[in-house]
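Welcome to my notebook. I opened this structure and jotted down what I looked up, one entry at a time.

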Protein chains: 2
Amino acid sequence: MITPNPANDIVHDGKLYDTFTEPPKLMAQERAQLDFDPRDITYFLDGSKEETELLESLMLMYERDPLFNNQNEYDESFETLRERSVKRIFQLSKSIAMDPEPMSFRKIGFLGILDMGTYARLGVHYALFCNSIRGQGTPDQLMYWLDQGAMVIKGFYGCFAMTEMGHGSNLSRLETIATFDKETDEFIINTPHVGATKWWIGGAAHTATHTLAFARLQVDGKDYGVKSFVVPLRNLDDHSLRPGIATGDIGKKMGRDAVDNGWIQFTNVRVPRNYMLMKHTKVLRDGTVKQPPLAQLTYGSLITGRVQMTTDSHNVSKKFLTIALRYATIRRQFSSTPGEPETRLIDYLYHQRRLLPLMAYSYAMKLAGDHVRELFFASQEKAESLKEDDKAGVESYVQDIKELFSVSAGLKAATTWACADIIDKARQACGGHGYSAYNGFGQAFQDWVVQCTWEGDNTVLTLSAGRALIQSALVYRKEGKLGNATKYLSRSKELANAKRNGRSLEDPKLLVEAWEAVSAGAINAATDAYEELSKQGVSVDECFEQVSQERFQAARIHTRRALIEAFYSRIATADEKVKPHLIPLANLFALWSIEEDSALFLAEGYFEPEDIIEVTSLVNKYCGIVRKNVIGYTDAFNLSDYFINAAIGRYDGDVYKNYFEKVKQQYPPEGGKPHYYEDVMKPFLHRERIPDVPMEPEDIQ
Amino acid sequence: MITPNPANDIVHDGKLYDTFTEPPKLMAQERAQLDFDPRDITYFLDGSKEETELLESLMLMYERDPLFNNQNEYDESFETLRERSVKRIFQLSKSIAMDPEPMSFRKIGFLGILDMGTYARLGVHYALFCNSIRGQGTPDQLMYWLDQGAMVIKGFYGCFAMTEMGHGSNLSRLETIATFDKETDEFIINTPHVGATKWWIGGAAHTATHTLAFARLQVDGKDYGVKSFVVPLRNLDDHSLRPGIATGDIGKKMGRDAVDNGWIQFTNVRVPRNYMLMKHTKVLRDGTVKQPPLAQLTYGSLITGRVQMTTDSHNVSKKFLTIALRYATIRRQFSSTPGEPETRLIDYLYHQRRLLPLMAYSYAMKLAGDHVRELFFASQEKAESLKEDDKAGVESYVQDIKELFSVSAGLKAATTWACADIIDKARQACGGHGYSAYNGFGQAFQDWVVQCTWEGDNTVLTLSAGRALIQSALVYRKEGKLGNATKYLSRSKELANAKRNGRSLEDPKLLVEAWEAVSAGAINAATDAYEELSKQGVSVDECFEQVSQERFQAARIHTRRALIEAFYSRIATADEKVKPHLIPLANLFALWSIEEDSALFLAEGYFEPEDIIEVTSLVNKYCGIVRKNVIGYTDAFNLSDYFINAAIGRYDGDVYKNYFEKVKQQYPPEGGKPHYYEDVMKPFLHRERIPDVPMEPEDIQ
């Protein structure tokens, strides 16, 4: 027991308050009053009881493995993070190579909660390098690199040299050059100047033996654009750099220090011709370049990462919502009745408003993420069975993948931003204790936020999704055709005139319709503005540029609508035990989203100002409804204390005890004299006083 | 020269692109095209040429002092930060003790940009400890503690033990106890249980010899509420803890690791009676407690820190806006015309929208911060000359200080949040390079965001400012009296009916009026809701609780209005050289603020949906106007490269060169083999393959 004072149970203002015993009792009371078994909601979120049990076994695998001990997580040094990360990757790679794919996929997913740096570092090899070989290499090339040990990390570690110092988003203007040398049947890879230095390359600083370099293919002085080439970086015997390879460490980052991001410069580096991945474009022995008949078939590979990031956003946001909501259930602050215990944070309306709509958002992320993944897998299956001469099939696939491209771009941007916002808002909701490293928020924010930048900067992605929406609307206006994700545009006229008309604001059908109305309105407004400019003879690019604000908004609103729609659609499939407890969450999310964006609904004329006032009071109402079961909703996220790894967020709710013990574990009290006392403090604190009486002018007359 | 390849100047797509020479040329061109001399705007922001020159001399003082070398800023270890911070504080304390106050104030202010951790650690002693002695001690007590070395840090270092583990915002419920022992004429200080452990106490872990402990005064079994007591923590001879003092390190935090935050527990610690600060409440020798006649006179001290935080928000946000806008001026990405250089980020409308309104916001912070500081100093002067029997004078002071309390609370919350948002948005606007530690964003965000929590959690402060606004409106409705900051409420009726009425949206008068209209509308709506509940017999606290959302909004909008008002008021005093270049900034800020909050204006009926569309196009227009001089506006912030300390944000604009050199300086390339290669990597990469042929069932029949 840690109390230095025997008066542990004090009666103060008539109230017995004991930090050690009250919080866990409160938490137990919360669990006792739940209207549902959180486990049923877990099954709903995971898809089935069996899936939940499988996931739990994978979580246990991490929790029990000494290499994944995370007790010291928030005090690790830069050097330790780098080294530990490699150990963890090697450990995981043993089982990944043996697992069937869906299993390894699930297993790796947990790493995204547990250790984001290692998740990224491992992703560089498996997701970026290996998947690119799969997606862009010929079957022979794939077999070759697997034989070299790529899949099992044996004598081989891959990295992915795409980004350059001067080019990130605009891949088509990368400047690294691969010149075909007909004499020797090789490519010569060169970094022409410093701006073309490969930059941010995870794995390049320490680990990678090979890289997949993106470079401009040049044959006989002609530029064929950017293709990918496997380039050996290090000698396999002693890990020294190969001739012509210069690399260095990018050093300290905002987060994810477990990844050895590096830079690479190539100087006359020669690789055999067949090190270029040739599933699509081919270079023959004589220098003939064969372009692929179906360039659009390569789009799919850009989407994989983004699809996963919506699920990652759910995984990470649910962790921090659990922490902040458990803490809110325990923490007392201010009281309206003298002599009574102070009110718990969770019982303040405004505190509910700070967190509960975000919790509902995290649910929406999961369901929308599942939905887009299903669409993606369906389209990939279609692609694999496609014959090149099946024109209609190819066209339909291209249509699907274009739409997926913009749906996944919009979702990636919206949910990674929302997750960053949730981590930060959840931290603030925990007051000062949110700022302690031991509650995890700081590290997570630093690690997380790069998700808003990589695999497409969120703003650029949203603008590009907006461009696609305008293009869809233009096609619809001309040809009457619409893809699946925008099919509500066919009801544009009806939606433009739709109003509340006395219907209940708690009716999911109305809420979905309201979002369709403002989303169609935003897309049509952006398209009108585009057409207006276009009629004046403004170029396509300049039209899009001038309607930037409108297309950003269109994509943002369309995506919010998609999240709301996915939420209600999945609820429709839920069993009756959980359905009544999911609808309030979805309603809260939809109503709060309206409140946040009420200008849309007012401008569109869908709602009147008094409707918005009602929306606000309904948000209050649903906060109250959801509050009662808040511990159930967060328990349903089903993260063990090991994954939570936050003193104030543990299952038992024993906030202060856990927190104090954690701090003392990491920094055992040792008398309070710092290591620099003798050298730095003592000489100063104990200095002789130099008399600071100023020398008077008369003295020096 | 760092290029490994002689082909430095390459011609590509007909364009000569050279990372080493192009960026600084572009930056020089930007400066050549400015419509004003940035120096004139610097004088405007600082107040005068003389002030600018004084500030520059102070900046140089830091830049030249080897103890303030910040080359290694982003790679320092936890231990180094702690030690370096003490060295810096001791160094500064030498000059601070000699400086006249306004000088030391300015000097310390820069530390808030340069080293936020040390700024806080020094603030704990000078601002919290010393100022409390000044504000709450009798003149004799002040002299006594100055004689003990408090001011010059000689044999003395103070800290401020207010927050407890279980209580932060609600100070009146702190649980540490100071019992008066009549026998010995002492107080006995006790931490009754773990939840009452003093927590987050900067200086407690390593440095402080004394603390100012907030504890409940108890005399003869009666509780007189929370008062402050000087309590010695460590023995002066060897820095060991005094009997009854337990303290430990709080350990790692999200940021500000330079501060040695600690926890303290008191067990029967005795201090002489006159160690209680007795300017207000007094305890006499016989245990008589004399309560102060003018409790409200103590409010002022709570405001000082908040006032400074609006200025700090400006100081920090301007740094990161400078970095992101300089980078945006250089960085090229995508092009609409093949063969032409790619477009610079700053020339994209959406990129302008991401940053330029925020730059205008940073200007508004400075001017609003100056304004509230003036009000504060004026009220302090009034307080000092007040006689206790001057009833009218006291009443007027209390009125002023109440209003200042809510104005400064609203501004503190709005600007510290905005600054956090600016750091993060500026980072994202720099793409991947924003994530490098060497561009400063990550560290700054981690260090900064505690500003949103300490000295009043922003949400709690905003709610409390909203409560004050409702109270003001209630007083006005009853008695017709209004303070200065809310005087526009007297025009509530007129404002409720005000509309655009065909006036220009570029007219500052209209923009100010529009904000007054929605602000008055929000305050009145919240007050109406409050009165409605009150009439139903709901208790005061419960009324406020139920209108949480409304009062939060009222305070938020009232504060935005105050920022806009302060912006235009100060411009009115500017000289004609700069005025025409400040008005577009203020208009951009006011219009963008309308766009962000357009629901208010629609619901209020001040604007119609088509006006909002016009607002959007005006935001676009003002972005374009401000863009031309963007380098002038950021140069006017007048931070040297030393203060900027970001490779991509330096004055010369030589982005890529500076950045690459910085990375190579911090991590010199050394062959790319990590320290853990032999132990960790080699055994795994070079392992013998264990045959993974499964054992067939028939084998074990």
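I began with B:Ile245, which stands opposite B:Phe266 in E10(B). I kept in mind that this is a predicted model, where local features need pLDDT of at least 70, side-chain atom pairs count only at pLDDT 80 or more, and totals for chains, interfaces and linings use all residues. Residues are numbered from 1 along each chain as its sequence is written, chains are lettered from A and ligands numbered from 1 in the order in which they are written, and side-chain values use heavy atoms, leaving out hydrogens and water.

I then found five bridges joining E9(B) to strand E10 (residues 261–266) of chain B, and the two run antiparallel. Strands here are DSSP runs of E, at least two residues long, and helices are runs of H or I, at least four, numbered from the N terminus. Strands pair if DSSP finds at least two bridges between them. The open sheet has three strands in the order E6-E10-E9 (chain B), with antiparallel pairing. Strands E6 (198–202) and E9 (245–249) of chain B each have a single partner strand, so one side of each is left without a neighbour in the sheet.
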